[in-house]
Structures are given as C-alpha cells and as structure tokens.
Amino acid sequence: MAAWARWCLDHRLAVLLLWVAALFGTVAASVTLGSAYSNVFKIPGTESSTAYERLEKAFPDAAGDVDNVVWRTEHGTVHDPAVRDRMAALLADIARMPDVGRVVGPYDPDGAAQVSADGRIAFAQVTFVKQQFELDTEDLKHLIERAEEARAPGLHVELGGPAIEAAQEPPAGLAEGVGIVAAGIILFLAFGSLFAMLLPLVSGVFAVGTGISTVILLSHVTDIPETATLLGSLIGLGVGIDYALFIVTRHRNGLRAGLTPEEAAVRALNTSGRAVVFAGGTVCVALLALFTVDIALFDGIAISTTLVVVLSVFASATLLPALLGMLGMRALSRRERRALAVQSAAGAAPQSAEAGSAAMRWARLVQRRPRTLGLVALVVMAALSVPALSLRLGANDQGNQPTSQTVRQAYDLLAEGFGPGFNGPLLMVAELDGPQDRQALDSLITELRRTPGVVRVVEAPVPADARGLAAATRVVQVVPTTSPQAAATDRLIDTLRDEIVPAAAEGSTLKVHIGGETALQKDFAAVVGDRMPGFIALIVGLGALLMLVAFRSLLVPLTAALMNLIAACASFGMLVAIFQWGWGMDLLGLGKEGPIISFLPVIMLPLLFGLSMDYQVFLVSRMHEEWLRTGDNARAVRVGQAGTGRVINSAALIMIFVFASFVLSGDRGAMMAGLGLAGAVALDAFILRMLLVPAMMHLLGRANWWLPAWLDRVLPHLAVDPPDRPADDPAGPAEGTPEKVLTPSR
C-alpha cells in the first residue's frame, strides 16, 4: 500500500483527471443510452412463475402494467348521467394518451361487472403497452392531473397501480442529497475543517456517481432490477464516505504527530488503507453470496452493489491520496495548524489527540467493569431482538402507503366496494387439451364458488381471434374474502393447490397453475425462507474465515460472527416492531403496518454483515497492532477502542443519516432497508463495538489471540496490520508496562 500511495501522490493530477473523466464519461453515456431495467420478480419452478410465463406467451399484448381509475359518488350511482358523462370523458382522454393500449370501464360491455353492488363505486382498467419503469413520467403526471380535474363535489376520483405509484415518488436523488448534506455536517463537526470535510464527500460522490452510471449501462447487457440503483447508491454513499473518513482521520493524526503531508498520507494508506481494502473485500464477499440464492432479482442487485463498493474502495485508495497531496497541511483546521506551529517552534513533542479524550476514559471504564457493562449491552440487544421471533415475510402493496396518497385511497375504495381481496386476486391459468379438460375446468369453477374464503370467481373471455396457445389457455380470476397480506389468504392458496384443483382435475389432462401477484409473493417468501439458513451460514462463515486469516486468531472471528448475528436479530426486531406491528408508523408517516417484504432479509443481511464486519475490522486491526507491539491484551483492547472510538462513532452517524434519509425515497422497500440498516449501524457501533466487544475481549484475555500452531502454519498470510508501528500512538505509555516491542506468544 505504501508504494501505491506514493505513486498516487506523485501523479496526483493525472489520478484526479482520470477520475473526472470516468465520472463524466459514464454519466454522459448513461444519460444518452438510458436504462433497460428488467424487474424479473419470479422464481423458475414455482407454480406462480409457471402461470406468469404461460400468460406472457399466450397473451403478449397484455404484458404492460395495468393501473386503475376508481371513483365513488356520494349521491346516486355511478350510472347517473352527470357522473357518467364526466367519467366517460375522462376515460376517453386517457385512452388517447401515449403508451395507453386499452381502457375498459364500467360503461363498456366488457366492464359491466366493474361496479359495486350498491352502484356507488366503479373502476376502469388502464392497460399500458409498457412496464411502469419504461413509461414517461411526464405522461403519467399529465394523466394524474387530468384525473384530478375530473373530481367534483360529491365525486371522488383516485388512481391506483404501479405506474401511478412510481410517478408520485419524490424526485430521484432527494434521499441521496439529504444524506450527503447530513454527512457533510457531521464531518465538519468531527474535523473542524472545510477541506477535510470535503475529502470523504468528494471520494464518495465520485465512486457512487461512476458506479451508478455504470450500473445503468450494464442494464443493457444483463438483468438489472430498477431498485438496484437505489440500493447501490444507499450502500455506496455509506461505505464510500466512511472508508474515506477512516483514512482521512489517520492522515490528520499523522499531521498532528509531526509528519509531512506526504508521509502522513503514505502512513494513512499503509494502516487504515489496508483495513479499508480488507473491509471492502468482506462487504463484496457478502454481497456476491447473493448469487447462491439463485434468484434473478438478487443477481442484478449483487452486481450493482458490489460494483459500487469496489469503486468506493478504489476511490479511497487512489483519488483520496491524490487529494490529500493537493491539500497538504490544509487537511487540518487553521486552529490545528497554528497549534502545531507553536509546538514545533517550542520544540515540544506532538500531543496525542486521544490520550486524555472521552474515548480513552470510556475505554478505561469498560476495562474496569467488563462483566457489568457487557451484561447490560447483551440484555439491551436481546430485548430488541424479541420482536424478530414474530417475523412474517410477505408483500407490501399500495394499501400500506400513507392515506394522503391517491394510490392508497384508490386501494381503499376498491376494498370498500368489492371486498378486501379484490386488490390481490388469484389468477388460475388453465391449459386445455380437449373437451374433457373443459368439463373439468367447469367443475373446478363450480367448486371454487362453494369454497370458503372465496367471494368471486370470473373466467376471462377469450379473444375472438385467439389461436394456438392463446386458444388453449383460460384465465380464471378468484377473489378471496381476505386481503392479499392476510395469513388466511396464504392458507386459501395452499387449499386450492393441495385439495381443490387436484380433485377437480382428476381423470383429465387439465393443468391449472395458480398465479397472480399475491401467489407470486407467497411463493417468493417461501423460497426465500427455505434458502435463508444456508445463505446466513455462508456469509457468516466466509466473514469469519477472512477474519481468521487476517488476525491469526480463533476467538476474534467467532466473536465477530456472534456480534453480526446479534446485530441482525436486533435490526429485524426493530423492523418487525415498526413495520409489522405498526409502532410509531403514524408518527413517522410510513403508512400502514404489514408483513416484512419477502426479499428484504436477503438484501439486508449481506449489507448488514458486511458493514458490521467493517467496524470489527477497524476496531480489531487497531487492537491487533498494539497486541503485536506489546503483547498486553488489556492495553491492546483499551488502545484499540480509544483509538478508533471517535472515528467509528462519526462513521456510524454518517451511515445512520445516509440510510435513514431513504425514508424520503418513496419506495417502501428502500424505507425498510434504510431504517433497518440505520438501526443496525447504531446498535452495532454504539453498543456492540464500543461496549460488548471490548468487554468480551477483556474477559477473554490473551485467549483472544490464540491460534493452534498447526493452523497458523497452513493458513495463508493476509496482512491487514501495517509492517511498522505508526507514529500516531493515541494511548501514551502503558499502565505499568514498559514500552518495548514483544513477540507475543500464540
């Protein structure tokens, strides 16, 4: 790392120009070519995916998104002339809008059933020719404005569906912008220098901007879901700014210790830079483990997030030293530079910024009372983990949005007029092969109408010009009596698949696949739940293995794995309490409670484990430096905790604000992920790394660093610690321990 840092310092202008070219080049290319996202939310081999594929092949013209126009009249019925004329004009205008393929309303022969039993609520289906992420946002906003114009006293008009929901999301970049501003404030308070504050921000923005633009370009050659860019920017900003923060902090410590800017930059890259590279590697390993889940949606997310993390590490190792070289002593504040000049003129030795700090006082307190403080931390984490026992995976829909949104009001109107299950109907896709199958399907429809939990069964009409696969395919819509998120709806799907359909198809060749969004989400949650234990074991095991190789210890990686699991349990406990139980949702303006989105644990866990491992690496690498130097475990733990406490806390605050800012994204999945990760980082940094981990390491003593000799011989060597002792020692002399270099026994 030292040679690399010197090269970047010697060629600082070239490095900066290369990064500027990379950023503006990828941004310009992505703007010119646009995106080609592929939101493939299905799992091959499941019944719902089979149903979806059959529909896609049989009726390709109906592949676009379907949204709804819903209206309710307070007086009379929707067939009153004034209401009918007003709404018919609205639907005619919508039908003429770009990318609208078909509009079917209650005043059309095909839409006669689209009126509630009391005649006061009706809806029209708007079928687009494209998926929602391909539609022009301005066209959708015009559609929303036209619907608002149709409202009148006593006539409520609302819009629902994925395209409308996407069009009403806050502007792209709002969450990221708020996160960057919050990070800048924290950095300025931590450094007291405008230039030092800008260094991590510039590094993070260059890495994330280049990474997200590259992801957009990659969407043209591989399947990348739309949400991948949001998650990539979320994790990229967090780790990019934090990695740069660790290096800049070490650089500033070197300057205060009397090193020249070039020496301080080289020393920072050779110490904290090594830890950053290793920490980034652990995050990438955890993210790449998403490929083992074997779900297309996660493959695209793994590609995008890993790419952004790699670029964040690369920016910290190249762009950052170049910027440090350009700034020189201005990485310190004016007050710090004046104090350093006074010390130098007086011939005084540089004073450690940490020796008498609050971080050192806290580290000494933990050293004196490890059992008591460790037990308190463990009890707090256990209490926060209790709600995780009630974790239920499922789907969130527009019924979970805040009541102020038109999509939520449309959802509620449909539930009021047609029943709670109307917003998540089941689609039975039948494959017919002769009259006998037709008779079996008729028998199935009759039986469905007598099945408890089913309120409505309708067979979709077959187009008159249907040929081939379309002519041999029938679609039956089954509306449950319960909402899409209800456990009773899941039980109904199981009953239909295991009992009703097999009994009706017996003695025929009829094949019926139960699909629809509700069934798809149920199947997705089931597959994720089945694959979760192996996935968790893989990422925890890989992280522990890397720690074993890096720190040559058995207990350090085991402690890290245990801490990661505790942090994950507490994080999901908070998510369950907020989003599933509804605690504080009204206060936070997050809408209505519901199950935890089925794909969220698989996305969050590698991020959470990777970030937890980051803090463990930064904390333990500093402890390991001191252990290798003195062989005194108590001093090593104390010095490591004090030396990294302030920077870990600052980094955690930045991540907390960056992640929490994604509540502003308008995407419910991003809200859950953002709050979950923000809570996990807070607990991890302030309770685990600054309290429970050092308490355990004090109790374990020299056993922390024990490794069997035979294992030490066979393990490869991966140097996270610097080859020499850094000049910026925050600890001062050891208490009762002479300052000498020891060769610690294993």
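User: In this predicted model, which side chain has a polar atom 2.7 Å from the backbone oxygen of Ala471?

Analyst: Look for N and O atoms within 3.5 Å of each other, one able to donate a hydrogen and the other to accept it. Here the side chain of Arg474 places a polar atom 2.7 Å from that backbone oxygen of Ala471. Arg474 belongs to strand E8, residues 473-480.

User: Is Arg474 buried or exposed?

Analyst: Compare its relative accessibility with the cut-off. Buried means under 20%. Arg474 has 16%, so it counts as buried.

User: Which residues does Arg474 contact, leaving aside neighbours within four places in sequence?

Analyst: Search for heavy atoms within 4.5 Å. Arg474 is in contact with Met428, Val429, Ala430, Leu432, Arg438, Leu441, Glu459 and Val462.

User: Now a helix. How many residues of H9 are buried?

Analyst: Count residue by residue. In H9, 28 of the 30 residues are buried, so the helix is largely enclosed by the rest of the structure. H9 covers residues 227-256 and spans 44 Å from first C-alpha to last, close to the 44 Å expected at 1.5 Å a residue. Gly258, with a positive phi near 100°, follows H9.

User: At what angle do the axes of H18 and H19 cross?

Analyst: Angles of 65 to 115 degrees count as roughly perpendicular. The axes of H18 (residues 487-505) and H19 (residues 517-551) cross at roughly 90° and come within 11 Å. That makes H18 roughly perpendicular to H19.

User: Which residues meet there?

Analyst: From H18, Thr489, Asp490, Ile493, Asp494 and Arg497 meet Thr518, Ala519, Lys522 and Asp523 of H19. By class, this contact has five charged, two polar and two nonpolar residues.

Key. Residues are numbered from 1 along each chain as its sequence is written. This is a predicted model: local features need pLDDT of at least 70, side-chain atom pairs count only at pLDDT 80 or more; totals for chains, interfaces and linings use all residues. Side-chain values use heavy atoms; hydrogens and water are left out. Helices (H or I, at least four residues) and strands (E, at least two) are DSSP runs, numbered from the N terminus. Buried means under 20% relative accessible area, exposed over 50%, partly exposed in between (1.4 Å probe, protein chains only). The expected span of a helix is 1.5 Å times one less than its number of residues. Axes are lines fitted to C-alpha atoms, for helices over the stretch in contact, and angles run from 0 to 180 degrees between N-to-C directions. Angles under 35 degrees count as roughly parallel, over 145 as roughly antiparallel, 65 to 115 as roughly perpendicular and the rest as oblique. Ala, Val, Leu, Ile, Met, Phe, Trp, Tyr, Cys and Pro count as nonpolar, Asp, Glu, Lys and Arg as charged, and the others, Gly among them, as polar.
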